[in-house]
Amino acid sequence: MKKLWIFDLDGTVLDSLSTIGNHANEVLKEWGYEEIPLPEYRRFVGNGAKNLANLVCQTRGIEEARRSEFHRIYCQRYDEEPVGATIPFPGIPEFLQAVKDRGGVLAILSNKPDKAANLVMEAIYGKGFFDLVLGQRDDYPHKPNPAGLYYLMERFGFTKEETIYFGDMDVDIETGRNAGVDTIAVTWGFRSREELKRWNPKRMVDQVEELYALLDE
């Protein structure tokens with residue numbers, strides 16, 4: 001069994017699409033723009049809040065000079081109410097507890113801003129359930145740069161052979177590959193199975209129940 005279990009956040013351990021979309025749509029509505037249907041936010045997520053804000057603004061034709069302000073307000077709203085409609089994917093909390101019961105170290109590596117990532121994970125999973133939650137910060141580059149994975153491995157003293165990473169997007173597969181870490185693509189998140197397959201992950205998982213086999217490898 002692997003020793004360090006690292007998970008992406010949005011679309012992997014948490015179903016947060018509605019919360020993300022609702023906060024962005026609130027800003028659009030206040031600015032006098034038409035809201036974007038929530039399913040369309042699937043193509044905006046994964047590369048951080050700034051990228052999401054830029055894509056939302058592009059979609060609604062908001063001039064470039066105002067996009068940093070949109071990003072600021074969106075992040076402020078998210079920090080004020082990080083949970084919203086966010087829930088764990090069915091079966092994920094039980095699987096994570098099984099990893100902990102077997103002695104595995106749990107960590108999160110996300111492109112969500114670090115403050116929001118920690119707030120939402122603590123609210124839903126409880127303080128200290130994960131050994132470390134690492135969101136996007138200014139002191140290292142975000143995914144697909146492998147710096148975050150390197151940091152977590154060094155922080156807990158494990159090698160890449162002792163580490164496994166889970167994600168639901170192409171950026172996650174690329175991050176794991178860049179770090180030389182076995183990466184599992186889950187198909188219940190923000191990218192389709194067909195999209196993920198093109199990135200050639202080590203393994204693809206369609207059901208949470210399939211993850212339990214990894215405890216014996």
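**Cysteines and helix packing**

Tutor: Gladly! In this predicted model, the cysteine sulfur closest to that of Cys57 belongs to Cys75, and at 12 Å it is too far away for a bond.

Student: How many disulfides does the count come to?

Tutor: A disulfide needs two cysteine sulfur atoms within 2.5 Å. For Cys75, the closest cysteine sulfur is that of Cys57, and the 12 Å between them is too far for a bond. By this rule, the number of disulfides is 0.

Student: Is Cys57 buried or exposed?

Tutor: Buried means a relative accessible area under 20%. Cys57 has a value of 0%, so Cys57 is buried.

Student: And Cys75, is that one buried or exposed?

Tutor: The cut-off is again 20%. Cys75 has a relative accessible area of 16%, so Cys75 counts as buried.

Student: Turning to the helices, how is α1 oriented relative to α3?

Tutor: Two packed helices are described by the angle and the distance between their axes. Here the axes of α1 (residues 17-30) and α3 (residues 67-80) come within 10 Å and cross at roughly 130°. That angle makes α1, relative to α3, oblique.

Student: What is the handedness of this crossing, and which residues of α3 make the contact?

Tutor: The crossing of α1 and α3 is right-handed. On the α1 side, the contact involves Thr19, Ile20, His23, Ala24, Glu26, Val27, Leu28 and Glu30. The contact residues of the two helices comprise 8 nonpolar, 2 polar and 3 charged. From α3 come Phe70, Ile73, Tyr74, Arg77 and Tyr78.

Conventions:
Residues are numbered from 1 along each chain as its sequence is written. This is a predicted model: local features need pLDDT of at least 70, side-chain atom pairs count only at pLDDT 80 or more; totals for chains, interfaces and linings use all residues. Side-chain values use heavy atoms; hydrogens and water are left out. Buried means under 20% relative accessible area, exposed over 50%, partly exposed in between (1.4 Å probe, protein chains only). Axes are lines fitted to C-alpha atoms, for helices over the stretch in contact, and angles run from 0 to 180 degrees between N-to-C directions. Helices (H or I, at least four residues) and strands (E, at least two) are DSSP runs, numbered from the N terminus. Angles under 35 degrees count as roughly parallel, over 145 as roughly antiparallel, 65 to 115 as roughly perpendicular and the rest as oblique. A crossing is left-handed if the near helix is turned anticlockwise from the far one by less than a right angle, and right-handed if clockwise. Contact means heavy atoms within 4.5 Å. Ala, Val, Leu, Ile, Met, Phe, Trp, Tyr, Cys and Pro count as nonpolar, Asp, Glu, Lys and Arg as charged, and the others, Gly among them, as polar.
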